[in-house]
Amino acid sequence: MSNSNSAWLALVAMVAVGCGGGDAGGGDEGMESGGEMEATAPAVDPAIAATISGTISFTGTAPAAEAIDMSEEPTCADKYDSQPMTLGYVVNDGHLANVFVFVSEGLGDRTFPTDQASVEINQEGCRYHPHVLGIQTGQPLVIHNSDDVLHNINTESTENRPFNISQPSAGMESTRTFNTAEVMIPVKCDVHGWMHAYIGVTDSPYHAVTDASGNFTIEGLPPGTYTIEAWHEELGAQTMSVTVGESETGAADFTYDENAAYAPVPMGEPLVVSHGESAAG
Amino acid sequence: MDWSLPLNISTQGVQIDNLFWLIFWLTAVAFVLVEVGVLWFLWRYRAREGHRARYTHGHLGAEIVWTAVPALTMIFLGIYSGRIWAGIKSPDSFPKDALTINVTAKQFEWNVTYPGADHVLGNDDDFTIRNRFEIPAHQPVVVNLESEDVIHSFFIPELRVKQDAVPGKVIPIWFEATQAGDFQIACAELCGLGHYSMRASVVIHEPEDYERWYNEQTGAAQTAAAD
Amino acid sequence: MATMTAEPSGIPVREEHHPQPFIRKYIFSTDHKIIGIQFLFTTLFFLMIGGLLAVMLRFQLGFPGEAMPGGSILPETMAPGGIILPEFYISLVTMHGTFMVFFAIMPLLVGVYANYLIPIEIGTHDMAFPRLNMISFWLFLISGLMMLSSFWVVGGASRSGWTQYAPLSANPDASGVFTGQILWCLSIAVFGFSSLLGSINYITTIVNQRAQGMTWFRLPLVIWALFITAILGLLAVPVLTAAVIMLLFDQTIGTTFFLPGGGGQPLLWQHLFWFFGHPEVYILILPAMGFVSEIISNGSRKPIFGYKSMVFAIMAIAFLGFIVWGHHMFQSGMNPRLGMSFMVTTLIIAVPSAIKVFNWMATMWGGAIKFTTPMLFAVGFVMLFTIGGLSGIFMAANPVDIYIHDTYFIVAHIHYVLFGGSLFAIFGAIYFWFPKMFGRMINETAGKIHFALTFILFNLVFFPMHGLGMEGMMRRIYDTSRYTHLSDVQDTNTMISIAAFGLFASGLYFGVLFFWSLFKGKPAPDNPWEANTLEWTLPSPPKHGNWEQLPTVYHGPYEYSHPDMDRDWLLQNERPDIVSPAHEVTIRKGEA
């Protein structure tokens, strides 16, 4: 009968459209959709690999950290014995933590196999752990929620496709990758405005974040001359040139001074806050 | 769930609730008339052997009655509602001695800006608290609502207050709480994935307690500014 | 047979000489009946999609944070491990509303029944523009598939509610949706063209091609309703089309119609949308009211009570429907003075609807009511639409609206008028005209089971929502656990969800019954309901071109139970003196 034929046609057309497929979701999920894996150079021979390490210091008085009021989110507030503070400046004994350090020049056209070990970022007590992290293009970032409250992970990237995903309950996990090098990508949670993290994406595996003592180490480098760049979320970026020979360890110690100005690093899209005229219809 | 409106702690809320229940009783009468009428007719006028339907096309008198009664009821409701609406929304009805607070909505939080020690908004001693709205009872409050990004809606159920916050506009509303207590602001306009979690605490103090709280806050703000 | 038949209107119609190939006859058909049936299949499919989306969102509300059975087939961006994410939940809400309003209810009322019924009730061969009619269907199908495809693109389907308030809808950073939003806008634009072509056809056909003797006040109320609805569509739909194009531009090419950053006004979107949106809801109810008038008059074996008032009420509802749109915006930040004026017009529009309800009741009064399935659904309409209409009064009173705006009280109202109202009437119409469309009957007992299940489950799902609204439960929220004022609503929500699953199942039952009846239903006579309108003079189903010799009409369509006649119905093309020569049957002049 005519009627059923029309119905079949509709059904077939719908299925045909539906099976067009295409990945859903911002950012690239999983590992299969990472950037093109270019022809990889052989991994650096460990017998000759070099290391660059250093300590980042801060001279002067850092602005005091501010208390974070989590009283509106008791599920998180209850996880703290002491008052949680902002992380803009983490200075211990004159050493600066949470500085992202990476090789910005000197690797030439070399490409590197993507490290498949995943990098984790965890939301615990309504904070991101770690606060600053480095990841390679194509490397999986596993985002985990340990709090039983809604967090959203809102990346404000400009080179990579930004994503904004939610994790409404504890135990949820999502995986994303970044296709393009970008320093830095700010990450925020819109439900808990004090939550910030920063992700540095590099094509090479040569990046590190300074620890509480301001120390960092970048290993496995091919011998050569490199520009090392250090980035701090409040203070900005600075660079220095380091040359390392085979199996050498080169030093790259930076100092940030409270009175000096450093190169700003453009991050994400600027916030446009609109205030307007009074309500008059 | 219980079939009632929440605790009413608002001067405006009394009028709103009264109107709600007035409409409830009027519609209940109409409801019973229609539903019982329909069910009764279904039974009474069911097809039966030997019974034939009436051949009638209408009755002007009946039509006039059931046009006029609803029309008069609507006119009455219109006048009554209009008075209450004007009393809440008209610029003349805004109290002159109100405490004014700015509330800026954004995905997904409420930033509440208090006027500071000088009790004047818009200068340096204003302080902003995220997700906490603290006001005194028994005093009119004016809220200037703004939004940074998309439309949100400022809804406090027990105060019977709801106003959309529209980016690009500053919209003032006023209300007065009749008792102290702890409540919440809920966002009542879809604003994104965090819409269901966009809440803030509403703490209503007795006036003396509010003084004390306020001074603590302005003291703390001054200390912070001095650093 | 090749004939040139001169119509009273002077439009010659030629019948086909030769049998058409299958594709021309059934796929790319210009026959209004085939097009109506194509709409029917397509819209029943979209109705099912809309219901499925509702089942999913109700699962989250009833069982928050739990993994939905079968949910693991969904991608991680929508429901990791089967747990629906907040952003996907909002997509479900958005698309449920979108599919139901645009792709199910509106085309079921208009695309199906305006196409199917207009020519055969006014006594003509086909629509004024048969090819435009065909294009209208294919545009509709394309728009529906575009909308459906938005689930599969990166970012998923739109997440701004079916009402698409800007700036959320215009700002992909805020909503998280880019391509899906473009698809939403384009789909609705294409849908708008389909709808306009339809309106043009319906209006022209009704004005120009009524049979001899079919004066305006002898038209069945269904035709009046569809006629006025078509005018509403003609005037309102272009506004929506313009608005979605502006929205599309704001999102893609940098205009700022609705974005304050560039000097635009978010409220402009609301005005444009609701200027369309309010007439739209009358588009969604007037044809349903037309069906109900036909079915109740037929089922009571009585003339419709107050035919002329019913016609004027339809016109009043349509006209007033253009000046009430601001009642959706009472709390929007619009000038409060406008709140006053819209409140007044909104209260006024309750009056013609009330008149109609009383007239239906008066039609049943004194009748000889047969409890057929269509009659049950039509009476169900009256009972449920009344509840929806009464709840509307709470919202019209703008101070009360301060509290209940954007709560589940509104959701209850919407569903009582759109489901309890429109969809019940649609079901009634499907059962009523199925014999004419397909030449088969749907089994009465099976139909009554469908009615009973739907009526009971519908009320279990939606009546408690009035209470949820009174408690202050907001719309479009993923989870109620964040608010102290909602601490006791979870049990109710769970109960509602379970009833909703049952309601969906009863819809599937209807689908099975529908398809089974297509093949196995009892063969239908020409006039199984003993009704009066012209389509019942035709075979079931009518052939292409409907009539060879167009009928002449002698009186109105509601001449049931005339005391001087033996039988209790009188077809419009029957002359009473010929039908009952032994009796002097006079139908008073001026009587419809």
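Student: Which residue stands opposite A:Ile135 in β14(A)?
Tutor: A:Val201 does. Bear in mind that this is a predicted model.

Student: How many bridges join β8(A) to strand β14 of chain A, and do they run parallel or antiparallel?
Tutor: Five bridges join them, and the two strands run parallel. Strand β8 covers residues 132-136 and β14 covers residues 196-202.

Student: How many residues of strand β8 of chain A are buried?
Tutor: Five of its five, so the strand is mostly covered, where buried means that 20 or more other C-beta atoms lie within 10 Å of a residue's own.

Student: Which residues point which way from β8(A)?
Tutor: A:Val132, A:Gly134 and A:Gln136 point one way, and A:Leu133 and A:Ile135 point the other way. All of them are buried.

Student: What about chain A overall, how many helices and strands?
Tutor: Chain A has two helices and 21 strands. Of its 281 residues, 39% count as buried. Among its contacts with a separation of 6 or more, 70% are between residues 24 or more positions apart.

Student: New topic, chain B. In what order do the five strands of the open sheet come?
Tutor: The order is β4-β10-β9-β6-β7, with mixed pairing. β4 (132-136) and β7 (161-165) of chain B stand at the edges; each has a single partner strand, so one side of each is left without a neighbour in the sheet. From one strand to the next, the twist averages 20°.

Student: What is the pairing between β9 and β10 of chain B?
Tutor: Strand β9 (residues 181-187) and strand β10 (residues 199-205) pair in the antiparallel sense over six bridges. One example is B:Asp182, whose bridge partner in β10(B) is B:Val203.

Student: Now chain C. How many residues of chain C are in contact with chain B?
Tutor: 90 residues of chain C are in contact with 74 residues of chain B. The largest share of chain C's side, 16 residues, comes from α11(C). That side divides into 53 nonpolar, 25 polar and twelve charged residues.

Student: What span should helix α6 of chain C have?
Tutor: Its 30 residues (179-208) should span 44 Å at 1.5 Å a residue, and its end C-alpha atoms are 44 Å apart, which agrees.

Student: Why is α6(C) called largely enclosed by the rest of the structure?
Tutor: Because 21 of its 30 residues are buried.

Student: Where does α7(C) bend?
Tutor: At C:Leu234, by about 30°, and a proline, C:Pro238, follows within four residues. The 32 residues of α7 (221-252) should span 46 Å at 1.5 Å a residue, and the end C-alpha atoms are 45 Å apart, which agrees.

Notes: Residues numbered from 1 in each chain as written. Chains lettered and ligands numbered in written order. Predicted model: local features only at pLDDT ≥ 70, side-chain atom pairs only at ≥ 80, totals over all residues. Buried ≥ 20, exposed ≤ 12 C-beta atoms within 10 Å, placed from the backbone. Contact = placed C-beta atoms within 7 Å. Expected span 1.5 Å × (residues − 1). Nonpolar A, V, L, I, M, F, W, Y, C, P; charged D, E, K, R; others polar. Pairing = 2+ DSSP bridges. Axes fitted to C-alpha atoms, helices over the stretch in contact; angles between N-to-C directions. Bend = angle between axes of the 7 residues up to and from the residue.
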